[in-house]
Amino acid sequence: MSKGASGSTRAVRKAETKFIKARADYQFRIVAQENPELAKNAATRYWHRQKLKRQYAKQTRQATKQAAKQGAKAAEKTAAATEKLAEQAAALVKKHPVGTLAAVACVLLLLSLQSCASSLVSLGNAAAGTVGSTTYPARDGDMLGAEADYCALEAELQDYHIWRSAAGMGSI
């Protein structure tokens with residue numbers, strides 16, 4: 001590269017830098033016209049942010065107080081409604097004591113039946129498992145063959161007893 005070529009490269013870089021700075025300045029001025037607070041100095045912007053933070057905090061405190069008041073009103077209404085229902089229930093019990101006792105007895109009976117029914121399910125499952133595991137499925141021919149085998153063994157045993165008694169050996 002010759003000296004002239006490097007000089008022109010430096011000139012190009014300087015021109016690009018000036019162009020970038022001018023363009024950034026132009027963009028800032030356009031944005032500053034749309035948003036005048038950006039043109040202020042840093043201290044003014046900081047003061048403005050702090051002012052906004054104080055306003056937001058004040059609005060939050062007011063909203064919290066209002067919500068607390070509404071919550072207190074709702075709690076008072078709920079307490080009044082609950083008290084009214086309790087009074088009505090007490091009046092009903094005083095007016096119909098036998099009916100109340102019958103209703104309570106029915107509820108207790110229903111609860112005890114439900115607990116028994118749930119226990120019976122597990123007992124029924126256990127019984128079904130026992131029957132299923134101890135049942136041997138067999139055909140008629142198998143059962144008759146087993147009976148014939150046992151009859152043959154019994155006959156052999158009787159012959160053995162007869163032979164012992166004939167031989168004078170006595171019984172076992």
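## Chat on a helical chain

Author: The protein chain has 4 helices and 0 strands. This is a predicted model.

Reader: What pattern do you get reading along the sequence?

Author: The protein chain runs α-α-α-α.

Reader: How much of the chain is buried?

Author: Of the 172 residues in the protein chain, 1% are buried.

Reader: And what does the accessible surface come to?

Author: About 15400 Å² for the protein chain. Carbon and sulfur atoms account for 64% of that surface.

Reader: Charges next. Which residues gather in a patch of positive charge?

Author: K58, R61, K65, K69, K73 and K77 do, on the surface.

Reader: Where is K58 found?

Author: K58 sits in helix α2, which covers residues 42-95.

Reader: Which helix holds V107?

Author: V107 belongs to helix α3, residues 97-134.

Reader: Is V107 exposed or partly exposed, and why?

Author: V107 is partly exposed, because its relative accessible area is 48%.

Reader: Changing topic to cysteines. How many disulfides are there?

Author: The count comes to 0 disulfides. A pair of cysteine sulfur atoms would have to lie within 2.5 Å to be counted.

Reader: What about C106, buried or exposed?

Author: C106 is exposed, because its relative accessible area is 53% and the exposed class begins over 50%.

Reader: And how does C151 count?

Author: C151 counts as partly exposed, because its relative accessibility is 45%.

Key
Residues numbered from 1 in each chain as written. Predicted model: local features only at pLDDT ≥ 70, side-chain atom pairs only at ≥ 80, totals over all residues. Heavy atoms only, no water. Patch = residues over 30% accessible without salt bridge, like charges linked within 9 Å, V, L, I, M, F, W, Y side chains within 5 Å. Areas by Shrake-Rupley, 256 points an atom, 1.4 Å probe, with all protein chains shown as cover. Salt bridge = Lys/Arg side-chain N within 4 Å of Asp/Glu carboxyl O. Lys, Arg positive; Asp, Glu negative; His and termini not counted. Charge placed at Lys NZ, Arg CZ, Asp CG, Glu CD. Helix = DSSP H or I, 4+ residues; strand = E, 2+ residues; numbered from the N terminus. Buried < 20%, exposed > 50% of the residue type's maximum accessible area, 1.4 Å probe, protein only.
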